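Dear colleague,

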Amino acid sequence: MLMRVLAIDDSRTIRDMVHLTLEREGIETTMAEDGIHGIEVLESLDPRPDAILTDVNMPRLDGFGFIERVRLMDVFAGIPILVLTTESAKELKQRARAAGATGWIVKPFDPARLVTALRTVTGLR
């Protein structure tokens, strides 16, 4: 089964790197530029993604706000959300978990680890 991922990051460079990494592994990837755009894209996707990657520091709506909003929507509540960020502070990780994040990956990311993490949280190969 094809894995589908929504990736949200305000950095075009990171979006391009994530897209290239995932598409190379046969993972269908849809991109968004910030939390607001992420919500809009998420609501328009059919079928819905198997996992979501989100940055923390973004304009308009940050990653924490994005996660909180997604977790309030029943239809998306079960989708694993991995935070992909340059931040590594313990209190930010705790805040992400409290918001409903499934896991945390620090940038710069190792492509193989990112793919493995997505396969682990989705159960998809």
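This is a predicted model: local features need pLDDT of at least 70, side-chain atom pairs count only at pLDDT 80 or more; totals for chains, interfaces and linings use all residues.

Residues are numbered from 1 along each chain as its sequence is written, and side-chain values use heavy atoms, with hydrogens and water left out.

The protein chain has five helices and five strands (DSSP runs numbered from the N terminus: H or I of at least four residues for helices, E of at least two for strands). Along the sequence they follow the pattern β-α-β-α-β-α-β-α-β-α. The C-alpha trace spans about 30 × 30 × 25 Å along its principal axes. Of the 125 residues, 48% are buried (under 20% relative accessible area, 1.4 Å probe, protein chains only). Among contacts (heavy atoms within 4.5 Å) with a separation of 6 or more, 64% join residues 24 or more positions apart.

Helix α2 (residues 35–44) packs with helix α3 (residues 63–72) at an angle of about 25 degrees, their axes being 9 Å apart (axes are lines fitted to C-alpha atoms over the stretch in contact; angles run from 0 to 180 degrees between N-to-C directions). That makes α2 roughly parallel to α3 (angles under 35 degrees). Gly35, Ile36, Gly38, Ile39 and Leu42 of α2 meet Phe66, Arg69 and Val70 of α3 in the contact.

Yours sincerely

Notes:
Angles under 35 degrees count as roughly parallel, over 145 as roughly antiparallel, 65 to 115 as roughly perpendicular and the rest as oblique. Buried means under 20% relative accessible area, exposed over 50%, partly exposed in between (1.4 Å probe, protein chains only).
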